[in-house]
Amino acid sequence: MTKQEYVKNVVAQILEKTKDTGGIKRVVWVGAGGSNGGNYPAQYFMEHEATSIASSSFTSNEFVHATPAYVNENTLVVAVSMRGTPETIVAAEVAREHGATVVVVEQKIALLSQYADMLVIVDEG
């Protein structure tokens with residue numbers, strides 16, 4: 001299975017999982033340092049192309065200490081961490097506590113993956 005096929009499968013699973021609660025209404029991109037920098041293109045794309053799903057981006061610490069009130073079962077949180085930063089792990093935990101679906105993007109299975117509803121492993125580089 002290619003990465004594109006895998007990601008399409010992840011999206012299909014998320015849509016199926018959330019259909020009884022009204023689906024995904026918002027995507028929140030979360031990360032720290034360089035991992036968060038990688039979220040900017042995704043956030044830009046969502047802001048300029050999505051018409052029915054709102055999108056926002058936070059550093060992991062911002063998300064933990066000022067969690068938006070809208071984070072709930074209709075929120076998809078994409079937590080990105082190439083090195084398993086502790087603040088991103090806590091952010092994923094907070095997202096789950098608020099009922100959000102959490103997709104974890106990381107280089108290898110680590111502590112962050114325990115909070116993942118869906119896991120995407122990326123190659124280094």
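**Entry 1: salt bridges**

I count 3 salt bridges in this model, taking a salt bridge as a side-chain nitrogen of Lys or Arg within 4 Å of a carboxyl oxygen of Asp or Glu. The model is predicted: local features need pLDDT of at least 70, side-chain atom pairs count only at pLDDT 80 or more, and totals for chains, interfaces and linings use all residues. I number residues from 1 along each chain as its sequence is written, and side-chain values use heavy atoms, with hydrogens and water left out.

I looked up Glu 16. Its partner is Lys 19, with the closest N and O atoms 3.1 Å apart. Glu 16 is partly exposed, at a relative accessible area of 48%. Here buried means under 20% relative accessible area, exposed means over 50%, and partly exposed is in between (1.4 Å probe, protein chains only).

**Entry 2: Asp 117**

Which residues does the network of salt bridges link? I find Lys 17, Arg 96 and Asp 117 in it.

Asp 117 meets Lys 17 at 3.5 Å, N to O. Asp 117 lies in the loop between E4 and strand E5 (118-121) and Lys 17 in helix H1, so this pair ties together parts that are 100 residues apart in sequence. My helices (H or I, at least four residues) and strands (E, at least two) are DSSP runs, numbered from the N terminus.

Arg 96 also bridges to Asp 117, with the closest N and O atoms 4.0 Å apart. Arg 96 lies in helix H5 and Asp 117 in the loop between E4 and E5, so here the parts tied together are 21 residues apart in sequence.

Asp 117 is partly exposed at 25%. Lys 17 is partly exposed at 45%, and Arg 96 is partly exposed at 35%.

**Entry 3: nonpolar cores**

I turned to the inside. Nonpolar side chains tend to be buried together in soluble globular proteins. A nonpolar core is a set of buried Ala, Val, Leu, Ile, Met, Phe, Trp, Tyr and Cys residues joined through side-chain atoms within 4.5 Å.

The largest nonpolar core has 19 residues. Among those touching the most other members are Val 28, Val 30 and Phe 63. Strand E1 (26-31), strand E3 (75-80), helix H5 (86-97) and strand E4 (101-106) each give two or more residues to this core. Which element gives the largest share? I find H5, with 5 residues.

A second, separate core has 13 residues, including Val 10, Ile 14, Ile 24 and Val 105.
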